[in-house]
Structures are given as structure tokens and as C-alpha cells.
Amino acid sequence: MFSFSRSSLRHFSSSARILGRAVVYSQNGDPSKVLRVLTYPSVPSPPPPHSVNLNFLLSPISPADINVVEGVYPSKPAKTDALTLSGEANPLFVGGNEGLARVTAVGEGVHTLAVDDWVIMLKQQAGTWATDRTVTVADVAKVPDSQFLTQAQAATITVSVNPPTAYNMLADFVDLESGDWVVQNGANSAVGQAVIQIAAARGLKTINLIRDRCNLDALKERLHNLGATHVLTYDQLADKSVREDIKQWTGGKPIRLGLNCVGGKDTTNMARLLGNDAHLVSYGAMAKQPLSIPISLFIFKNLTCHGFWQSRWYIKKPLEEREKLMQNLVTLMKEKKVREVISHLHPLITLLTSVAGHS
Ligand SMILES: NC(=O)c1ccc[n+]([C@@H]2O[C@H](COP(=O)([O-])OP(=O)(O)OC[C@H]3O[C@@H](n4cnc5c(N)ncnc54)[C@H](OP(=O)(O)O)[C@@H]3O)[C@@H](O)[C@H]2O)c1
């Protein structure tokens, strides 16, 4: 997650206008080679009609953002969203898909937003690794109840893709009721931790699979504190006797939803835990191994496999659905059922010194 504090910005001495800064690239490639930090003239104020000026407060850096810079992700920034500056031969793309921003000025005809409102981006790949940008009002949505949230909380639930992904995967595939069971791998991932918390808030029980490690007990304890019902390593699951334990835990109740962040043989073992008419939802491929599912699970257990992509959800769903999702997540945060998760906060000023090309 980036933070863009104004204290890190310089002013034009002649006009006293605040300069904008952005993390940009003009061609895809290794992020450590193609990314640079650019200082650019401030956005016009007031902005054009039906537009707003934004000052980004926090912007996530997710694995998918890195893939976009590498050019290997299906979503790509549009050239029209690039920064157009004189003297640059190629369009300059601004990194970042999502961000929590404060409205700093509104253009004529904007009635739904006011200065100081917090907003998130509705448009994909709008270039959020920037201090200030002008966007059309249709490209942003107001964060509800923002007066009850810290910046970190608002960013965790509204601009990080992870809690929305977790929320939707728990809601969209199986009609789960309190007391039902869900199994997931990659349970300590950001998405996995959101799954644990949202499931617990709904009264769902979770079996959480993680890789073995030297500080395993500490991680297990952390996941239990978030609301995990059981935590197992993939190695433990490979031992068939554990399946008997799991039957005892569930009281023989079929597990009808499995969430796959990883792929490979550990997911095959996880799929074997699923009961009749279950759904296996894949959203990540961290092991970089194909998914292999025994055909018997399809024939005899009527297993259904899906892929889930939150970006597709945003494209397909109307604005009202997105606002409802945001409100539901804000409520969970206000009720302290979902904790803020920001793994590392990098002020832009730190980045200025760590990214080589700085213009
Ligand atoms: N489809 C969607 O809409 C959507 C939305 C959000 C995220 N995602 C995807 O979900 C995945 C997780 O994202 P995140 O932001 O939650 O990641 P994250 O917090 O960085 O966590 C990564 C997870 O992957 C595990 N992992 C890494 N390499 C592995 C390997 N070789 N074998 C098994 N596990 C491995 C890590 O376990 P260790 O701690 O043991 O390393 C950790 O649990 C990514 O693939 C991301 O692109 C998809």
C-alpha cells in the first residue's frame, strides 16, 4: 500500500502550485526496471465540468498490479488514462488499479460529491499510484460512512480487492447458512484472512490450509484469533487419517464450498474433502501448478468447479451492487468483525529514493 502525503511534495517556487507525483512506466517489463517516479504539473483547479480532482490517500500494491506492469495481466490501462506530458514520446501509464482518495475540488455539474468526501475508483486500471488526478465523476464512488473509518480501515475494505473477493466468493456460489463449513487453501493470504473473518461473522466454520513453516504455531494462533475454526498444513492433510478427524469436526455435514488460492496437488487433496454437490472456486494460482481434479468427484459427487475474478464481478454488476457490497463491508468493519489489514505502508517519499529513475 502506498501513502501519498502532501508533506512529501514540493511546490513550484514561481506559482506556489503543488506538484503531482506518480509512479509511471511507458513500456511493460520487470517493474524494478520500467517503473520510475515522475513529478508533473498539478491538476487544473477547478476541474472540467462533471469531473473531480482527487488526492490519493492510500493505494494498494497487489500481485495483480505487478502483473499489469509486466504486461501479463488481462486488464490493461487505457492509453487515454496515461499521463500526457510534452517531451514524452510514449504514453506514460500510471501504476495502480485501486485507491482511496479525497475529493479536493469538484467541477461544474457535480452534485453527488463534495470536497473532502472519500472515494474509490470504479474504473479499472485508472492509475492510482499518484498524488493527484482529475477523473470524471462517473469513474468514482463515494465511501459510505467514512466518518466512522480510519484511512487504513477504508482502504482495507474498499480499495483492497481482497475483502470484496472474499465476501463475494462466500456469497455467490453456495447458499451457506450459519453452521455450514467452508474449506480453503492459502488461508494466511490476504484474501484467506478476509475469508476467515467474513465467514466467522456469518457463523460459518472454516477449515484453513497453509504451508508448513518454522513458526507454524504462531501463524495458527493468529488465524484462530481471526476466527478460523481449524488450521491444518498441506502435509497434515496428505495424511489420510486427518480426514477422519475432519469428519468428526463437521459431524459428517458435507463441506459444500472450497476456495482455491494455490492449485497443484494440495488443491487435489482439498477437493477430496468436499461433499456432494459442492463448488470449488479458484481465484489464485500461487503454486503455478495446474488444477487436477479426480473425475470421480464430478461423476459421483457432482462437483462443480468455477473461476472467480473480482474484476469481472465489477464489470458485470451494476453500480448499486457495488455500493451494496461496499456498505456491507463497511458495516463489518464498523462492527469490528473485519480488521484492517495493511501488510506494509510505503510512503511515496520512500519510494522516491528506492526507485531508480526519478524525473
Ligand atoms: N481472482 C480474484 O479476483 C483475486 C482477487 C484477489 C487476489 N487474487 C489472487 O489471490 C492470490 C493471493 O493474493 P493475496 O493478495 O491474498 O496474496 P498474499 O497475501 O501475498 O498471499 C500469498 C499466499 O500464497 C501462498 N503461496 C505463495 N507461494 C505459494 C506456493 N508456491 N505454494 C503454495 N502457496 C503459496 C502464501 O503462502 P506462504 O505464506 O506459505 O508463502 C500466501 O498464503 C494471488 O494469486 C492473487 O492474484 C485473486
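In this predicted model, a polar side-chain atom of N188 lies 2.6 Å from an oxygen atom of the ligand. R213 also places a polar side-chain atom by a ligand oxygen, at 2.7 Å. Q310 takes part through its backbone: one of its N or O atoms is 2.6 Å from an oxygen atom of the ligand.

| Residue | Protein atom | Distance to a ligand oxygen atom |
|---|---|---|
| N188 | polar side-chain atom | 2.6 Å |
| R213 | polar side-chain atom | 2.7 Å |
| Q310 | backbone N or O atom | 2.6 Å |

On its own, the ligand has 930 Å² of accessible area, and the protein covers 75% of it. Two elements each give two or more residues to the shell around the ligand, namely α4 (162-172) and α5 (190-201).

The shell can also be described by its members. In total, 21 residues surround the ligand. The closest of them are N188, R211, R213, F308 and Q310. Sorted by class, the shell comprises 12 nonpolar residues, seven polar residues and two charged residues.

How values were computed
Residues numbered from 1 in each chain as written. Predicted model: local features only at pLDDT ≥ 70, side-chain atom pairs only at ≥ 80, totals over all residues. Heavy atoms only, no water. Near = heavy atom within 4 Å. Polar contact = N/O pair within 3.5 Å; in protein donor to acceptor, adjacent residues only side chain to side chain. Areas by Shrake-Rupley, 256 points an atom, 1.4 Å probe, with all protein chains shown as cover. Helix = DSSP H or I, 4+ residues; strand = E, 2+ residues; numbered from the N terminus. Nonpolar A, V, L, I, M, F, W, Y, C, P; charged D, E, K, R; others polar.
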